[in-house]
Amino acid sequence: MSWNTFTTVAETKKALDSKQVSAVELAQHYLSRALSLNKSLNAFITIDSERTISEAQAQDNRRSKGDVAPLLGVPIAHKDIYLIDGWRTTCGSKMLENFIAPYTSTVVQNMANAGMVTLGKLNMDEFAMGSSNETSYFGPVKNPWDLSRVPGGSSGGSAASVAAGLTPASTGTDTGGSIRQPAMFCNLTGLKPTYGICSRYGIIAFASSLDQAGPFAQTAEDCALLLNAMAGFDPHDATSLDRPKEDYTRDLAKPLKGLRIGLPKEFFGEGVASGIAKAVEDALDVYRKLGATTVEVSLPNVKYSVPAYYVVAPAEASSNLSRFDGARFGHRAKEYDDIIDMYKRSRAEGFGAEVKRRILIGTYVLSHGYYDAYYLQAGKLRRLIAEDFKKAYEVCDVVMGPTAPEGAFQFGAKSDDPVKMYLNDIFTICANLTGQPAMSHPCGVDKDTGQFVGMHIIGNYLDEARMLNAAHQYQLATEWHKAHPAL
Amino acid sequence: MSQWEIVIGLETHVQLTTASKIFSGSSTAFGAAPNTQASVVDLAMPGALPVMNKGAAERAVKFGLAIGAKINQRSIFARKNYFYPDLPKGYQISQYETPIVEGGGLTITLDDGTTKFIELTRAHLEEDAGKSVHDQFDNASGVDLNRAGTPLLEIVTEPVMRSGKEAIAYAKALHGLVRYLDICDGNMQEGSFRCDVNVSVRPMGQKEFGTRREIKNLNSFKFMQQAIDYEVRWQIEQIEDGKKIVQATVLFNPDTGETRAMRTKEDAMDYRYFPDPDLPPLVVTDAMLAKIKNEMPELPEAKCARYTSEFKLSEYDARLLSQDRATSEYFEAAVAAKADPKLVANWMLGELSAALNREEKSIEESPVSAHQLAGVIARIGDATISNKIAKTVFEALWSGEAKSADEVIEAKGLKQISDVGAIEKIVDEVLAKSAAQIADYKSGKEKALMSIVGMVMKASAGKANPAQVNEIIKKKLS
């Protein structure tokens, strides 16, 4: 067979299209790998082989009837934040430990329409709140490269599963870096598209104005193929962008000559591990060799990203998570005195510490008398940061820098210090605050720690095709993305 | 009591007539089995998102245009956060800082004919909550989310009313207007039109407002009047007893006729309002505005003016007939059926109105249609029946005995006797038995004539043409 565990989505598609392998064979292969390796990695929360095989069979049937859907039979695993009708959907929380989704999210439906087969539901930080996957009620996901290290978060299972070859690709969500940081930690390519490109309908909300769905894969080309399937206007999401479908693969082959890369000095200052800075510099040399030019830019307000984020995200979360009250679904305390007591106990029992912390922060910043000082100010900062980028794009096409200031860390290294944990997202958060597309691709190793380094590309609104083109050309010229862990 | 001034402001929740909910596709129809009209959005399932129903925005704009308000072409939805069993998301989507409609007002007419302009503060769109059901289960309450997400327009006045009567007149005028505009069915029993009344009192001449209490959820004009009367008396008594009014939300109990505090300001909730990130600003485009302006129906004020000028109705009658849409439609339908406008007005405000009141029916439920009434009036006009017989015909139509005035007249033989010979015959018979009355009449007692006419009418079973009877008697006695 011309495919193996680490065959890319693009190659798997070819193998399927040329009937070298069937959807059922692929599903069986990855399921058996997932079932055996999940014990050590804990990347999946739910595997339902029967359901998966029947989905795969259905996609094979489509093919036999002459259907030519673009990703017919390609396996995919979904972060357990996406609702899929009939599948347990936990969001990494005790609150939803036994919640069976009554409908399917638009993104998953779009991918199923494109022919993809669901392998299972992936572990994540509880309600996507975390940067290390340590907040999951179902236990932490292990980094397949080093089981003593975190895979990143919140989409830790999404990253670990692809890196370990339990699935050719996965979905994640990114509210402050939850796709890009784990992509870096696990040596993958991950993309957070422009806000509004992928419908949020059926994705459990963390911070509505920041949440965005996106793909994890080994390559930029795969991300482009996956985004083609995921994206599209959805009348069920009022923040979904109503625009024609586009082909995100269209510019992959373009040479990079003339690409202007902006390098914000704020992304290369203190706080960035020197090994990471070095790897990024080396990667930029590759880009220059491919014909790109670099120019220093300044994003003076980007330093306010973390404080602005930790007002906006908890504020929205505190409200979004109110629906988990034990009344209609989810965890309900066994004993309670009255309705208020039922709410209190159900929520106290159902939510973990990090979720509670953010609900408290969010409730506080929205309280009477504080709203103006926090939420309103944070909104102003979001506009200022967006202005900075707008100005930068006058002299560059994309902005690059390291995805995170340090690589995959040991379990427990930051779990006692939330602020330290929050600072790991210092470079990624700005793209969520502004809604711009951003991605991370493998670009080497931090020589001091041996951990992977991600190149962070931030683009102008709707400029995914150009960013994917840049990353793809880089990947044609380099081998970093081809490394796989020995398991 | 005269040294106290009453200050009243109203907040009215008007349920809009969209077929589906404000943020989901579920039906808004009343009375379905519990939770059968609740989608994943209404149930606040994880991942479900609201999408604005444009129809609700159009209705709000229509209202704004009708009251001469400023339409905010970019208004903002906000979340009002609190926990309650009938509020599945844990927040209500409403409008807070930037409502769709600001300002404007409407003119009310009081019983004595005086008018007053009531300024509105704002009108904003929001979703209704579900309903808690406490009497269906042992030891548990149920929640019905059919109503959750029903579109509401909350219409808020300035504190400009100075009596319960003004408040009722305003509520009635608003009720008429929203039905006129066809943006609300006005059904108060089903909760389509509910008022919260803010009441305070202050010594006459004092500039500052007194402390207000808000009477929640009044769904009949009668209860509103009772509640305000009680509340005003209670507040004045409190103050006169040297007590302070504490700002509070109160409920009116129709059984006792009293108001009772639900919660005071001390335990007022912090709703933590913030703009709903799931909903972009609600934009009313110029095109949408122009389209709605074009489709505006003729409003009560304009109609009233037209009734006085075109049909020569009195100002009072014109106002009554134009006040609500169904009444004006009935009037215009009868006039369109060629009935004399003044007679239609008299009949509607007399016989018809009395019959409707007697049976507590709305004009839409009138058993006598505008067309049937026009038929009755036509037969009066062509002297087929007298006014008095017309009432018999009307009653017959009301009870459903026949389909048209002509049918009743035919079936009951009510056709007026206008044949001179026939009337003279009856007159002669009556005169032969009325020597005393004839003597009285001849001695100058005009009343005696009326008595003779009455006897003739009675003898003819009311069918003789009264004018002719009068004339013939006078001639015979001259």
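This is a predicted model: local features need pLDDT of at least 70, side-chain atom pairs count only at pLDDT 80 or more; totals for chains, interfaces and linings use all residues.

**Entry 1: second largest pocket.** I looked up its volume and got about 1400 Å³. I then asked which helices of chain B each supply at least two residues of its lining. They are H2 (164-180), H3 (221-240), H7 (325-336) and H8 (341-358). H8(B) gives the largest share, six residues. I sorted the lining by class and found 10 nonpolar, 12 polar and nine charged residues.

Entry 2: I checked how chain B is divided. The assignment gives domain 1 (4-288), domain 2 (305-412) and domain 3 (420-477). Which domains of chain B each give at least three residues to the lining of the second largest pocket? Domain 1 and domain 2 do.

I went on to the pair itself. The C-alpha centres of domain 1 and domain 2 of chain B lie 36 Å apart. Their contact takes six residues from domain 1 of chain B and seven from domain 2 of chain B. The area buried between these two domains is about 650 Å², with 46% of it from carbon and sulfur atoms. On the domain 1 side of chain B, Thr109(B), Arg179(B) and Tyr180(B) lose the most area to domain 2, together 72% of what that side buries.

I counted salt bridges between domain 1 and domain 2 of chain B and noted two. I also looked up Asp324(B), which forms a salt bridge with Arg179(B), with the closest N and O atoms 3.9 Å apart. The cut-off is 4 Å.

**Entry 3: chain B against chain A.** I turned to the chain interface. Chain B and chain A bury about 2700 Å² between them, and 59% of that is on carbon and sulfur atoms. In chain B, Pro46(B), Phe83(B) and Arg272(B) lose the most area to chain A, together 24% of what that side buries. The contact takes 29 residues from chain B and 36 from chain A.

How many salt bridges does the rule find across this interface? It finds one. The side chains of Asp278(B) and Arg200(A) meet in a salt bridge at 3.1 Å, N to O.

**Entry 4: cavities.** I listed the cavities of 30 Å³ or more and got four. The largest cavity holds about 140 Å³ of space. It is lined by 20 residues, and Val41(B), Asp42(B), Lys89(B), Glu127(B) and Gly149(B) lie nearest its centre. By class, its lining has 11 nonpolar, three polar and six charged residues.

The second largest cavity has a volume of about 90 Å³. Of its 13 lining residues, the closest to its centre are Ala205(A), Asn320(A), Arg323(A), Gly47(B) and Ala48(B). I sorted this lining too: eight nonpolar, two polar and three charged.

**Entry 5: salt bridges overall.** Over all chains, I recorded 55 salt bridges. I picked out one of them: Arg202(B) pairs with Glu5(B), the closest N and O atoms being 2.9 Å apart. Arg202(B) sits in strand S12 (residues 193-203) of chain B and Glu5(B) in strand S1 (residues 4-15) of chain B, so the pair ties together parts 197 residues apart in sequence.

**Entry 6: backbone of chain A.** I kept the general rule in mind: most residues other than glycine have a negative phi, and most peptide bonds are trans. Next I looked up two exceptions. A cis peptide bond joins Gly153(A) and Ser154(A), with omega about 5 degrees. Ser154(A) lies in the loop between strand S3 (117-122) and helix H5 (156-163) of chain A. Cys91(A) has a positive phi, near 55 degrees. Cys91(A) lies in the loop between strand S2 (75-79) and helix H4 (106-113) of chain A.

Notes: Residues are numbered from 1 along each chain as its sequence is written. Chains are lettered from A and ligands numbered from 1 in the order in which they are written. Side-chain values use heavy atoms; hydrogens and water are left out. On a 1 Å grid over the protein atoms alone, a cavity is a set of points where a 1.4 Å probe fits but cannot get out, and a pocket is an open set with protein on both sides within 12 Å along at least five of seven lines; lining residues have an atom within 4 Å of a point. Grid points are joined across faces, edges and corners, and a volume is the space filled by probe spheres set on the points. Helices (H or I, at least four residues) and strands (E, at least two) are DSSP runs, numbered from the N terminus. Ala, Val, Leu, Ile, Met, Phe, Trp, Tyr, Cys and Pro count as nonpolar, Asp, Glu, Lys and Arg as charged, and the others, Gly among them, as polar. Domain bounds come from an automatic or database domain assignment. Contact means heavy atoms within 4.5 Å. Buried area is the accessible area (1.4 Å probe) that two parts lose on being put together, summed over both.
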